[in-house]
Structure formats: structure tokens, C-alpha cells
Amino acid sequence: MSNLKAVLAKKIPEWRMEVQDFLKNYPDVEISQITVWHLFRGLRNVRSIICNTSHVDPQKGLLIRNFPLLDLIDKAPEEVFFLLCTGDLPDQKSLLSLQDELRERSTVPDYVWQIIHQIPDETHPMAILSLCLLAMQKESVFWKRYLDGMPKEDYWEATLEDSLNIIAMLPVLAAGIYRQKLLNEDVIEPHPTLDLAGNFAYMLGNPSNDEMFANFIKRFMIVHSDHEGGYVGVHSSRLVNSALSDLYYSISSGINGLAGPIHGLANQQMVKYVLQILGKFNGIPGDDDLKKLIWNDLRNGKIIPGFGHAVLRGEDPRFLALYGIGKKAYPDEIVFRLVDKLIQFVPPILSEHGKIKNPNPNIDAISGALLYHFGIKELDFYTVMFAASHVLGICAQLIYNQAIFNPLVRPRSVTTAWLSQYLEKANS
Ligand SMILES: CC(C)(COP(=O)(O)OP(=O)(O)OC[C@H]1O[C@@H](n2cnc3c(N)ncnc32)[C@H](O)[C@@H]1OP(=O)(O)O)[C@@H](O)C(=O)NCCC(=O)NCCS
């Protein structure tokens, strides 16, 4: 038994008892209220999900198992995965055994490479990644064991098996899609000794031939790993998994959510925006021109990518973790200089515009600009990098959910006619 599995096996009975205790002693205690506003506004701030892996404090930002994100950014993604799953950082032996296990599980079946080869080059890389996961559904350990009558107590174990396989394969797939479909180059096989992030950088071909690249990929994976349970990418995975659809189905659906322009795709949109401005002005515009352009875009109803957040009300530490790399490594590069200028000008304009609740830059204001700097100039690929990292948090959340016997998620819906009648009665 691997150390991760052994630690989980020890903790899960306690987690189950904790849930039993809540259900037995406090089943009717109200913790959140749903108003008409919430129904039409994406259930913002409705506390309706249990997630122990991470928490987004509106002011402090992301806390992973109570560790502020900025305290974890120099760890390895495998350490953060262990932490997400168990609540503890691994010792050296547990870390090495997890890294070995992931290396052993990283072989992508041949039929998946054939699918990638045959799919049209214009297909979005996120759609290809999602399709590859669906194609591999038949590899699911959970599914096979379920058909063999696996007891409910073991669901988490089979979910862990699928998690390790998917976490190990996603960087290989992502890098393969990048090289085959976007660069038209040969796929690079995983290295036999590198760790998850080192291997990801290696298989991408280290486009900038820069020794900082692997470190950047490591940090990139950590800052994108988790953002509590209501985040679209993980939320859709959780919903699908609650029907006992295995992780291949569940994570494919999470990736589909992440592909949206106001979610994961914002990193791509931000660099596109920066490049459009550079093209329009033949370089970095003067302050007045830039302000005018931002105002024009807002007046035309455009969303400025990379700014705002549904939960955060202060600075985004994920942004700060990546911004520090850019500021140190290449402050004079033109894309970074314009991003820096946008970070200076956009928030006060958004505030004056008066709609947005948090005008601060979020992670997507900077992550794409760094990928661009490191030589990944194919913007359509950026969300795939996000997906290969976010899978750490998705898997950790799904393992927990299966461990505590999370049931099928099935809220009720109401019609607007029902709502009108209800409100009429309430007001009479
Ligand atoms: C992240 C985001 C979806 C949060 O949405 P939200 O919770 O509805 O945010 P707010 O409550 O602050 O939105 C209030 C209004 O400000 C607008 N707004 C929010 N962010 C904006 C932005 N970056 N540019 C322009 N307008 C914005 C909203 O569209 C909304 O307008 P509406 O009332 O006409 O519908 C939103 O800020 C956004 O689209 N940001 C840009 C995309 C992005 O960077 N996404 C990645 C997030 S990590």
C-alpha cells in the first residue's frame, strides 16, 4: 500500500465519523439563505458545498488546507496533492513513493495517440484533452470494480486509483497535444527520473530553453491546483461524480467548464487582448491612449480579461505568486510591460465604471503572459496547462467526497410561474 493510501485509510474513518456527527446532531441548523437574487445570480455566496481541500478567503485569497498559498509555492505539485488529499504535507519517503507511483502510471494508451493524430488540427486543444479522457474511460478502475460489486466503503480507494492514473497521464497528454497538434513536432516521451513538473516542462520541449522554465511549471501547477469546491471546473466534476460516473467522465466535464472564456480561458483572452493592443498601437500605447481604449471597451460592454473575481475581494495571491516571477525574470519584455501597465490602469477604471465588485487582477492577468514569455506562444494551449494542474484539486475533492459517502447531488428547480405565485403569497 502506498503511503498516501495508508494515510488516507487511517484518516477516512475519522472523517466519516465527523460527518455522521454533523448529520446526527445538527441536521436542521441553517447555514445559508437563498433569496430570489441568488436564483438569478449564479448562487453567489450560497454556502452549499463541503470542501476541506482549500478555502478562498475573500481578503486573504487561497488557503490550501489552511496553508496560505504563498507558503506553498516552492513545494512540488506532488507534495501539494498529498496535502490536498490528507491535510498533511508528506515526509520525504512518502513524497518519493508518490513520485515513483506517478512515473509508473504515466503511459498513455496507443489508441489515444491515434485519436490525437486523427482529430482535425483546428479542434481546440481543450476539446482534444477532454475527448482523450472520455476515450480512456474504459481504463477506469472505479468502473471495473463497480461492475464487480465493489462495496461503498471502497469507492474512495478506486477513486484514488483513477486519480493517480489521470494525474500521471494528463501532463503527458497535454504536452503531446501541444507538440503534435500545435507545433507539428514529435511527441517527447516522459523522462524516467524527473518529477511531475520537471517532466511536464521536459515533454513540452522547454520552448525557451530556460532553466527557470521547470520552476515556473512547478509553481504554475501549484497555483492552479485548487480553488475550493464551487469553482466551475471542480464543481462540474463533483456533480457528475456524484452520479458515480467515474473520474474519466467527471474530469472531462470539469475540463469542459474550465474551457469557458470567463473561467479558465481568461488567461488566453488576456494575452490576446495584450497582443491586440500592441498591434493596434504598434507598441505600448501612451497612458491617455490606453485609458481611452479601456473605457471604450467597457462602454461597448466588453469584459476585460484577467480582472475581477466571484469570491475574492482583496488581492489574488495566485496572481502575486506568478507576477513575482515576471517582475524578477523579465521586467523589460514588451508583453510583460503592457500587462504591468494594464494592472496599473484597469483597476481604477473598473472601479470608476462602478459595476465590478473586485477590480484587482486575478491569476489570469499574468499566467498567460508568463507562458508567452517562456516560448509557449500558442494561446489556445493555455487552458490545457490549467487543466493538467487543476486536476490535482479535482481529484483530491472527489476522493474525499467518495470517502464520506457523498450522495447524488440533486437540488430542486422551480418555474418562474411557481416563483411568482410564491412571492404573491409571501406578500399577501
Ligand atoms: C470573474 C468574473 C466572472 C466574476 O464575475 P462576477 O462574480 O459576476 O463579478 P461581479 O459581481 O464583480 O460583476 C459585476 C458586474 O461587473 C462586470 N464585470 C466583472 N468583471 C469585469 C471585467 N473584468 N471587465 C468588465 N466588466 C466586468 C460583470 O460583467 C457584471 O456586470 P453586469 O452586472 O452587467 O452583469 C468576472 O469578474 C469576469 O468576467 N472577469 C474577467 C474574466 C476573468 O478574468 N476570469 C477569470 C477569473 S479567475
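**View 1. Residue classes in the shell around the ligand.** Ala, Val, Leu, Ile, Met, Phe, Trp, Tyr, Cys and Pro count here as nonpolar, Asp, Glu, Lys and Arg as charged, and the others, Gly among them, as polar. With this division, the shell around the ligand in this predicted model holds 10 nonpolar, 5 polar and 6 charged residues. Of the 21 residues around the ligand, those that come nearest are Ile304, Gly306, Phe307, Lys355 and Lys357.

View 2. At Ile262, a polar backbone atom is 3.1 Å from a nitrogen atom of the ligand, whereas at Asn362 a polar side-chain atom lies 2.9 Å from an oxygen atom of the ligand. On its own the ligand has 860 Å² of accessible area, of which the protein covers 76%.

**View 3. Packing of helices H1 and H18.** Helix H1, formed by residues 3–25, packs with helix H18, formed by residues 382–403, at an angle of about 60°, and their axes are 9 Å apart. Because of this angle, H1 is classed as oblique to H18. The crossing that H1 and H18 make is right-handed.

How values were computed: Residues numbered from 1 in each chain as written. Predicted model: local features only at pLDDT ≥ 70, side-chain atom pairs only at ≥ 80, totals over all residues. Heavy atoms only, no water. Near = heavy atom within 4 Å. Polar contact = N/O pair within 3.5 Å; in protein donor to acceptor, adjacent residues only side chain to side chain. Areas by Shrake-Rupley, 256 points an atom, 1.4 Å probe, with all protein chains shown as cover. Axes fitted to C-alpha atoms, helices over the stretch in contact; angles between N-to-C directions. Helix = DSSP H or I, 4+ residues; strand = E, 2+ residues; numbered from the N terminus. Parallel < 35°, antiparallel > 145°, perpendicular 65-115°, else oblique. Left-handed = near helix turned anticlockwise from the far one by under 90°.
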